[in-house]
Amino acid sequence: MKNSISLKILFLVLSGILGILGGLEFWELRHYKETVVVSEDFTEKIMLSEYLPSLKGTWGDTPIYIFDSGVPGGSMLILGGTHPYEPVTTVAAYVVMENIDVESGKVYIIPHANMSASTLGMLGNAYPKYFSVETPWGEQKYRIGDRGTNPLDQWPDPFTYVHYPSGQNLAYQDIRNLNRTFPGRENGTLTERISFAIMELIRNENIDIFFDYHEASLTYPVVSTYVAHDDSMDIGMMAAMMLSATQFPMKIEASPKNLRGLTHREVGDFSDTLALLMETPEPFIDRVVGKMTEDLMIEGIDEFLQTAAEKGLLYCDYDIKEGFQDALGNTIIGAPLDYRVGRHLSGTLEAINWLNQFFPEKAMSVSFPGYAEIMENGTGNYLHDPSQADKSRVFEN
Ligand SMILES: [Zn+2]
C-alpha cells in the first residue's frame, strides 16, 4: 500500500517535470522575437490596433511598417504570415522591408498578419520551431508557426463555422484561419477582428493594390500561381504571362465567387483595392513528405514528393534529381527557400508594373531585389546585420 502511494507520487512528480520541460518549449516559441533591419525609406511603424482598438494588448495585434515616399502615387499593402506555417511569406516581406526604395507612392507591410498563429507549431505535426537563413554575418532565425490562430488566444472552436456576413458554413477549424474570416467583423472572434482591422486599414488608407503572400503544397492545384479578384484579373494575367516567359513558371487562377472568407475574394468585394494572392511551392506542408525537418523547409527536397512528381500528381515543376530550368537558365532542384522568396518578390514587382500600365492614376515607383538577384546572390545577402545597423531601423517581431 505504502509502496503504491510512493509510486503514484513519483509518477506525479515525473509527469510534472515533463510538463514543465514541454511547457518551456512552448513558452520559448511563443516569446521568440525575429529581428528585421528596415531600409532607409522607412517612415513609421504603427500597430494594427490603430484600426481596431479592441486588438490592443492581444496576440492579434501586429506591427505595420510604412514606407512613404512623400511623393504622390499609388499605395500598396503586403501581408506576410497570413498562414505562419508558410514562413517564406514573412521572410519575403522582411526582404522587401530591408531593401525597399520608394520613389513615389506609399507602401504598408504587415510581416506577421496573424501574429497569434506564428506563436505555436501545428498541433500533432512534429516539426521544428525555427529555421535559419544563412547570411554573410551569421544566421537569422525565424519561427515556423501554425496555420490558424493559437487556441490559447481563441478557443473553443464551434461545431460549424458560419462565415460572416455570407452565412456560408465552413469547416469548424477555419474559424481560426485568417484566410477564411475576411471581411471580418468589429465585435467578432479574434481572427475576425484581425481581418476587420486589415479591411479598415485598406479602406481608410485607400490602398490601391493588395498582396497576400502564401505557400502551398505541391499536390494542391492552386500552387505557383496568382489568385486574382475579378478587378485585378488583367494585372494578374499579364504578370503571370510575363513571369512565365522571362523568369519562372507562374499560373493565374480566378478567385471563386462561391467560396467565402478568402482575401482575394472579400478584400476585393469589400474595398476598392486590387486584390491578389500568391502561392509558392512549399514541400514542407505537403501531406506525403517524409521527415519535416529544417532542411526540408530550406531545400524542399523530398523523395516521396519526387515519386508523386514522377506519377504526374503534382501541380508544378518539381525534380530533386536533375532539377528543372527556369527562363533565366537557373536549374531548380527541389523547391528551395531562395526560389520561393524570389518568386514572391518578382510576383509583386511584375504586378506593380502592370498596375502602372493599366491604372496610371494609381501608379507607383518602388524597387527591391527580384527573383534574378535572389537566385544569384541568395536571400541572406539581402538581410542586414542588426548589430551594425542604426538602432532606429532595427525592429523585433
Ligand atoms: Zn496559405
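Let's begin with helix H2, which is mostly covered: eleven of its twelve residues are buried. Keep in mind as you look around that this is a predicted model. H2 runs over residues 88–99, and at 1.5 Å a residue it should span 16 Å; its end C-alpha atoms are 16 Å apart, which agrees.

Now follow H2 to one of its neighbours, helix H8, which covers residues 337–358. The two pack at an angle of about 60 degrees, and their axes lie 9 Å apart. That angle makes H2 oblique to H8, and the crossing is right-handed. On the H2 side, the meeting residues are Val88, Thr89, Val91, Ala92, Val95 and Val96, while H8 brings Leu337, Arg340, Val341, His344 and Leu345. Sorted by class, this contact has eight nonpolar, two polar and one charged residues.

H8 also meets helix H4, made of residues 233–246. Here the axes come within 9 Å and cross at roughly 125 degrees, so H4 is oblique to H8. This crossing, too, is right-handed. From H4, the contact takes in Asp234, Ile235, Gly236, Met238, Ala239, Met242 and Leu243. Facing them from H8 are Ser346, Gly347, Glu350, Ala351, Trp354, Leu355 and Phe358. By class, the contact of H4 with H8 has nine nonpolar, three polar and two charged residues.

Note on methods
Residues are numbered from 1 along each chain as its sequence is written. This is a predicted model: local features need pLDDT of at least 70, side-chain atom pairs count only at pLDDT 80 or more; totals for chains, interfaces and linings use all residues. Helices (H or I, at least four residues) and strands (E, at least two) are DSSP runs, numbered from the N terminus. The expected span of a helix is 1.5 Å times one less than its number of residues. A residue is buried if 20 or more other C-beta atoms lie within 10 Å of its own, exposed if 12 or fewer, and partly exposed in between; C-beta atoms are placed from the backbone. Axes are lines fitted to C-alpha atoms, for helices over the stretch in contact, and angles run from 0 to 180 degrees between N-to-C directions. Angles under 35 degrees count as roughly parallel, over 145 as roughly antiparallel, 65 to 115 as roughly perpendicular and the rest as oblique. A crossing is left-handed if the near helix is turned anticlockwise from the far one by less than a right angle, and right-handed if clockwise. Two residues are in contact if their C-beta atoms, placed from the backbone, lie within 7 Å. Ala, Val, Leu, Ile, Met, Phe, Trp, Tyr, Cys and Pro count as nonpolar, Asp, Glu, Lys and Arg as charged, and the others, Gly among them, as polar.
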